[in-house]
Amino acid sequence: MRKTIPLLALAALLLTTTIFLTKEPRHKFKPALAWQEFEQAFNQNYAYKDTVGINSRQLLEQYKALALASKNEGEFIDVIQILLRYFRDPHLNLGPMNELDYSVTPTGSDIWAKSENGKYFIEDLKAGGAADKAGMQINSEILAIDGLKVSEAISKVFGGELSRLSERQKLWGLNIALGGLRYQPREITVKTGRQQQVYRLAPSYDAVNRSGEGPAITYRKQGKIGYIRFNNSLGKSETVDAFNAAIKQLLDTSALIIDLRDTPSGGNTGVAEPVLGHFVRQTSVYQLYQRQQAGIPYHQAEMEKAYVKPNPPFYDKPFIVLAGRWTGSMGEGMMIGLDALGAKAVIGAPTADLLGGIKNIELSQSNAVLDVGFERMYHVNGSFREDFLANIVTIPADRGENGDDPALDKALDYFRQNAANLAVNSSTATE
């Protein structure tokens with residue numbers, strides 16, 4: 001007698017069999033195909049390969065041989081990650097990443113270095129980061145990272161290369177090394193004056209994760225001056241409402257400081273444009289951009305305009321923008337946008353230079369994702385976004401030698417020194 005199978009069990013069996021039969025087999029890794037796919041995606045989509053002062057064609061050819069020698073997807077991804085670092089573009093990455101990869105700069109960074117006469121020093125410290133809280137000091141000489149001399153740490157970032165690196169590439173490599181490996185503690189040796197000290201720091205992402213648990217923005221009044229700071233929140237939808245609420249509370253101030261120094265992870269226009277809308281009375285252009293078009297080089301692509309619409313309440317008093325090494329991507333877009341919309345000044349250090357508007361491209365041959373800037377971004381005056389400098393350059397911008405807040409102090413001084421003139425200009429503008 002034939003044994004019967006219950007209806008539900010039969011359905012489950014058929015479903016399982018169907019899934020098994022239709023599941024595509026895992027392809028065998030073929031480095032030549034993986035390289036071809038990557039190179040095509042890079043050349044067709046990266047908007048900045050001819051703007052960073054290197055011969056991208058020659059660099060790709062150099063790393064092609066290394067990529068073709070990859071035995072598996074992991075090795076291939078490691079090779080491409082090193083290749084992309086030559087472009088010094090924090091937006092340009094290949095993942096997925098693992099615990100042996102470096103933290104993404106500038107999000108996974110809390111120390112910024114500078115070079116002087118062949119030595120490297122701390123130029124700035126991210127306020128509230130592990131290095132800042134540990135008591136590290138501006139202008140200390142950097143001697144070693146995780147037991148490696150500075151030159152060795154830079155070489156490791158570039159896969160063992162050092163001699164052919166430009167000084168700008170070496171500095172970029174050092175700043176990556178200072179951020180450490182993903183989610184791993186760091187040990188940094190510095191010399192302050194004649195004293196040498198080893199700092200054992202928490203993973204750089206720890207402070208970022210903690211900030212994500214807090215409010216999207218913080219705001220307060222400093223006398224008659226309003227102050228609003230974004231807490232790495234330009235990608236959070238709740239930031240729009242939070243900023244709206246803050247502006248309502250600060251409408252009676254005589255001036256406003258907008259702090260973009262903690263925006264290393266960037267964000268999106270869905271957050272930025274409603275915020276910018278509080279500073280316009282009519283639809284206005286706040287930045288320009290170019291997109292790749294089939295068969296047309298980027299420099300010949302149509303220049304397009306990005307608009308912002310009014311979003312009440314309108315803030316009709318003078319305002320200043322703060323920016324620095326941890327102002328990134330959409331933070332940089334807001335910076336140039338606010339400058340175009342009438343900021344009295346932008347105060348701070350050069351920003352993180354995350355190039356262009358970004359998109360993610362899945363690479364099936366290497367099971368990877370390429371993050372690439374496919375739009376060129378411009379100030380309304382036609383200059384590259386990454387070339388914009390603060391009207392009042394302040395370095396360091398985040399943390400001063402005495403533990404003070406240099407950019408904020410400079411903004412408050414600006415308003416005090418120009419109070420009478422700004423009051424006249426503000427009253428004229430609102431009549």
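Modeller: Start with phenylalanine 374. Leaving aside residues up to four places away in sequence, phenylalanine 374 touches Asn45, Ala47, Gln290, Arg291, Gln292, Tyr298, Gly357, Ile358 and Lys359. This is a predicted model.

Biologist: What makes a residue on that list a contact?

Modeller: Contact means heavy atoms within 4.5 Å. Arg291 is one of the residues that phenylalanine 374 touches. The C-alpha atoms of phenylalanine 374 and arginine 291 are separated by 6.7 Å, and the two residues are 83 apart along the chain. Phenylalanine 374 itself lies in strand S16, residues 368-378.

Biologist: Why is lysine 170 called buried?

Modeller: Lysine 170 has a relative accessibility of 17%. Buried means under 20%. Therefore lysine 170 counts as buried.

Biologist: Where does lysine 170 lie, and which residues does lysine 170 touch?

Modeller: Lysine 170 is in helix H7, residues 167-179. Beyond four places in sequence, lysine 170 touches Tyr120, Ile154, Leu162 and Leu165.

Biologist: Ile154 sits on that list. Which residues of helix H6 are buried?

Modeller: In H6, residues 150-157, the buried residues are Val150, Ala153, Ile154, Ser155 and Val157. Their cover includes helix H4 (73-85), strand S3 (119-125), S4, S5 and H7. Just after H6, glycine 159 has a positive phi of about 65°.

Biologist: What makes strand S4 mostly covered?

Modeller: Strand S4 spans residues 141-145, and four of its five residues are buried.

Biologist: How do you know that S4 pairs with S5 and with S6?

Modeller: Two strands pair if there are at least two bridges between them. Two bridges join S4 to strand S5, residues 148-149. Four bridges join S4 to strand S6, residues 186-192. So S4 pairs with S5 and with S6. Both pairings run antiparallel. Isoleucine 145 stands opposite leucine 148 in S5. Isoleucine 142 has valine 190 in S6 as its bridge partner.

Biologist: What is the phi of aspartate 146 in the hairpin of S4 and S5?

Modeller: Aspartate 146 takes a positive phi near 50° in that hairpin, which has two residues between the strands. The positive value is in a residue other than glycine.

Biologist: Why is aspartate 146 called partly exposed?

Modeller: Aspartate 146 has 40% relative accessibility. Buried means under 20% and exposed means over 50%. The value falls in between, so aspartate 146 counts as partly exposed.

Biologist: Why does leucine 389 count as exposed?

Modeller: Leucine 389 has 51% relative accessibility. Exposed means over 50%, so leucine 389 counts as exposed. Leucine 389 lies in the loop between S16 and S17. With Val393 and Ile395, Leu389 forms a nonpolar patch on the surface, with about 270 Å² of accessible area together.

Biologist: How many bridges join S8 to S9?

Modeller: Six bridges join S8 to strand S9, residues 225-230, and the two run antiparallel. In S9, isoleucine 225 is the bridge partner of glutamine 222.

Biologist: Last item, the cis peptide bonds. What is omega from glycine 95 to proline 96, and from proline 312 to proline 313?

Modeller: From glycine 95 to proline 96, omega is near 10° and the bond is cis. Proline 96 lies in the loop between strand S1 (93-95) and strand S2 (111-116). From proline 312 to proline 313, omega is near 5°, again cis. Proline 313 lies in the loop between strand S12 (303-308) and S13.

Terms used
Residues are numbered from 1 along each chain as its sequence is written. This is a predicted model: local features need pLDDT of at least 70, side-chain atom pairs count only at pLDDT 80 or more; totals for chains, interfaces and linings use all residues. Side-chain values use heavy atoms; hydrogens and water are left out. Patches are made of residues with over 30% relative accessible area and no salt bridge: like charges are joined within 9 Å, nonpolar side chains (Val, Leu, Ile, Met, Phe, Trp, Tyr) within 5 Å. Accessible areas come from the Shrake-Rupley method with a 1.4 Å probe; for residues, only the protein chains shown count as cover. A salt bridge is a side-chain nitrogen of Lys or Arg within 4 Å of a carboxyl oxygen of Asp or Glu. Buried means under 20% relative accessible area, exposed over 50%, partly exposed in between (1.4 Å probe, protein chains only).
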